[in-house]
Amino acid sequence: MLSRYFTVRQEVCEHEIVIQKSRFIAHIKRVETEIEAQEFIQGLKKKYWDASHNCSAYLIGENDLIQKASDDGEPSGTAGVPILEVLKKRKLKDTVVVITRYFGGIKLGAGGLIRAYGKATSEGLDHTGIVERRLVQIIHVTIDYTWLGKVEKELRESEYIIKEIHYLEKVEIEVYVDEGQVGAFHDWIIELTNGQAAIKNGETDYLEVLL
């Protein structure tokens, strides 16, 4: 698993721009498999069946092993590849983009098309929002209530993020800790509580931070 990577937010996003009277509608989604990407593309082709083109590209997998681009009738290399190049430049993973074009009557030429599809993709991504997914371990810290005020205050003022606090017979605080900082976190909590905290490593998960 990657320690961190960039992708788009979970919500499907649409964003439209107009260039030389042609409408370019960007549709963007996070996907984990090629099947998901293809279903998204085909669904939009059905929805926008009357459009001039529904061009697309996607990158999937830790090492971008799955990557495809489609010009959908535009001149070869003027639509799908520019979309894909924007995804690569932004270093995004697990992302599919479909640009729906309604021709406005003015031909853009090869260079104009490349710029238009690239711009539609970039602005669509800006509108969607990019997140960094960081691999973290959830650490369970159990303390007496007498330590709660101090420990919670220090945690909230630190770089660590509190996931949840459980108020039971004792207080259990779940904390997101980057995988490379687990040892340092243990040492810090032990010092902070004079060794009075019980610390247990939990499951690993990805924490999303909106950029």
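## Aromatic pairs

There are five aromatic pairs in this structure, where rings of Phe, Tyr and Trp (its six-membered ring) pair if their centres lie within 6.5 Å. This is a predicted model, in which local features need pLDDT of at least 70, side-chain atom pairs count only at pLDDT 80 or more, and totals for chains, interfaces and linings use all residues. Residues are numbered from 1 along each chain as its sequence is written, and side-chain values use heavy atoms, leaving out hydrogens and water.

Let's start with Tyr160 and Trp188. Their ring centres sit 5.5 Å apart with 40 degrees between the planes, and the pair is tilted (planes under 30 degrees apart count as stacked, over 60 as edge-to-face and the rest as tilted). Tyr160 is in the loop between α4 (148-156) and β8 (161-167), while Trp188 is in helix α5 (residues 182-192), so this pair ties together parts 28 residues apart in sequence. Helices (H or I, at least four residues) and strands (E, at least two) are DSSP runs, numbered from the N terminus.

## A cluster of three rings

Trp188 has another partner: its ring and that of Phe185 are tilted too, because their centres are 6.2 Å apart and their planes are at 50 degrees. Both residues belong to helix α5, three residues apart, or about one turn of the helix. Put together, ring pairs join Tyr160, Phe185 and Trp188 into a cluster.

How buried or exposed are these residues? Phe185 is buried at 0% relative accessible area, and Tyr160 is buried as well, at 12%. Trp188, at 24%, counts as partly exposed. Here buried means under 20% relative accessible area, exposed over 50%, and partly exposed in between (1.4 Å probe, protein chains only).

Now for helix α2 (residues 80-89) and helix α3 (residues 109-128): they pack at an angle of about 40 degrees, with axes 8 Å apart. Axes are lines fitted to C-alpha atoms, for helices over the stretch in contact, and angles run from 0 to 180 degrees between N-to-C directions. The two helices are therefore oblique to each other (under 35 degrees is roughly parallel, over 145 roughly antiparallel, 65 to 115 roughly perpendicular, the rest oblique).

Which residues meet? From α2 come Pro82, Ile83, Val86 and Leu87, and from α3 come Ile114, Tyr117, Gly118, Thr121, Ser122 and Leu125, with contact meaning heavy atoms within 4.5 Å.

## Cysteines

The structure has zero disulfides, a disulfide being a pair of cysteine sulfur atoms within 2.5 Å. Cys13 is in none, and its nearest cysteine sulfur, that of Cys55, is 18 Å away. Cys13 is buried at 10% relative accessibility, and Cys55 is buried at 0%.
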